[in-house]
Amino acid sequence: MALFEDLQFFIAAAVLAVPAVILGLMEKSQKLYTCAVSTLFLFFVLDHNLNGAIYLVAYFIIEYCLAVGFVRVVKTYGKNEKLYYLFLALTLTPLALNKFAGLGEMKIFAFIGISYMTFKMAQIIIEIHDGLIDRVDALNLFCFLMFFPTILCGPIDRSRRFLEDANCVKPRDEYLNMVGDGLFKICQGLVYKKILASVMVMIGTRNMYIYGLQLFFDFAGYSLMAVGFSYLFGIKTPENFNQPFRSVDLRDFWNRWHMTLSFWFRDYLFSRILRRGMRAKWFGGNKLAQACVCLIINMTVMGIWHGLSAHFIVYGIYHGVLLALTEVYQKKSAFYKKHKKDRLYRVVSWFVTFNLVMFGFYIFSGQLF
């Protein structure tokens with residue numbers, strides 16, 4: 001069974017959603033049932049893959065112990081930077097082993113969803129260090145990490161926001177609105193992923209524009225269905241796309257495309273590197289230069305996260321450089337400041353942005369080299 005792909009999944013998801021809806025309408029907690037359904041889907045998705053199941057269980061135990069251990073460390077020693085980076089590195093280690101082992105024949109921590117789980121775990125470690133999380137519960141962590149609609153490709157939720165939904169019972173009227181919105185998103189996602197994306201494949205995705213549209217409809221469709229099913233289980237998973245092809249510059253694009261990933265990198269990597277650079281007065285305290293370097297680092301890491309193949313890394317660097325150039329242009333150009341609200345300027349800016357984005361997708365596809 002493949003999540004959001006085959007008929008078997010949709011039949012199972014529809015059947016299993018019925019008790020969740022009944023619980024929601026009765027104003028009862030859906031949390032334990034949600035955990036049970038997520039476990040069931042993991043069982044089917046793993047498809048008797050014993051090694052994958054062992055790695056998944058080992059991963060959860062390791063990450064739970066790291067989170068609980070780091071809570072105790074923070075309570076005992078306060079904000080110790082060396083220990084913080086040690087625990088963060090240990091949290092990222094399973095994903096790193098998975099990525100580097102994938103370059104050869106070995107399969108280490110090879111199970112569905114490890115990339116997105118690692119984002120979630122890194123966020124927890126960072127927020128423990130920041131003093132925003134002071135307790136880690138095994139059931140809450142399991143529910144957050146293994147939540148079936150988002151386990152494979154996101155959207156990437158934040159633990160405190162997720163658990164606020166998971167641990168509360170919504171009023172019937174509010175939940176009914178969520179069910180209606182959720183069903184609509186599921187239907188919209190099906191149209192995107194199963195019809196429009198399939199049409200793009202039939203046309204042929206060697207053309208960079210067709211490939212870009214196919215990628216959007218496939219991924220946006222998946223995300224819409226993930227959000228829709230989340231709503232049925234009482235979780236208001238954040239949206240992942242906001243009309244990205246209307247973007248008028250690259251910064252606008254990344255505020256609209258795969259938003260939960262983009263905002264995760266902004267909040268937990270870019271802003272923190274930038275603050276460190278400002279404290280250390282990189283480039284003589286030149287804030288613009290610091291921001292440009294941080295943008296390139298941020299997007300390069302994002303490219304590496306997608307994979308260690310050259311086209312993924314180049315894709316990250318490409319967008320990092322474009323974002324840096326956008327930052328310089330918008331901060332320094334008198335022409336931009338004078339005309340940025342003009343209709344003709346915005347049309348031209350949209351056209352340039354659209355083509356730059358599509359060329360980026362062409363790099364991402366691996367067809368360029």
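# Briefing on pockets and helix packing

The largest pocket is lined by 29 residues, of which Leu88, Leu92, Trp264, Tyr268 and Leu269 lie nearest its centre. This is a predicted model, in which local features need pLDDT of at least 70, side-chain atom pairs count only at pLDDT 80 or more, and totals for chains, interfaces and linings use all residues. Residues are numbered from 1 along each chain as its sequence is written, and side-chain values use heavy atoms, with hydrogens and water left out.

**Pockets**

- On a 1 Å grid over the protein atoms alone, where a 1.4 Å probe fits, a pocket is an open set of points with protein on both sides within 12 Å along at least five of seven lines; lining residues have an atom within 4 Å of a point.
- The space in the largest pocket is about 800 Å³, a volume being the space filled by probe spheres set on the grid points, which are joined across faces, edges and corners.
- Helices α4 (81-101), α5 (114-129), α11 (259-280) and α12 (287-306) each give at least two residues to the lining of the largest pocket; helices are DSSP runs (H or I, at least four residues) numbered from the N terminus.
- In the lining of the largest pocket, 20 residues are nonpolar, three polar and six charged. Ala, Val, Leu, Ile, Met, Phe, Trp, Tyr, Cys and Pro count as nonpolar, Asp, Glu, Lys and Arg as charged, and the others, Gly among them, as polar.
- The second largest pocket holds about 410 Å³ of space and is lined by 22 residues, with Tyr116, Leu215, Phe219, His306 and Phe364 nearest its centre.
- At least two lining residues of the second largest pocket come from each of α5, α9, α12, α13 (310-332) and α15 (343-365), and α9 supplies the largest share, four residues.

**Helix packing**

- Helix α3 (residues 50-77) and α5 pack at about 10° with their axes 9 Å apart; axes are lines fitted to C-alpha atoms, for helices over the stretch in contact, and angles run from 0 to 180 degrees between N-to-C directions.
- α3 and α5 are therefore roughly parallel to each other, the term for angles under 35 degrees, while those over 145 count as roughly antiparallel.
- The contact of α3 with α5 (heavy atoms within 4.5 Å) includes Leu56, Tyr59 and Phe70 of α3 and Met117, Ile124 and His129 of α5.
- The axes of α8 (residues 172-203) and α9 (residues 208-232) come within 7 Å and cross at roughly 160°, and the two helices are therefore roughly antiparallel.
- The residues of the contact of α8 with α9 comprise 24 nonpolar, six polar and four charged.

Notes. Angles under 35 degrees count as roughly parallel, over 145 as roughly antiparallel, 65 to 115 as roughly perpendicular and the rest as oblique.
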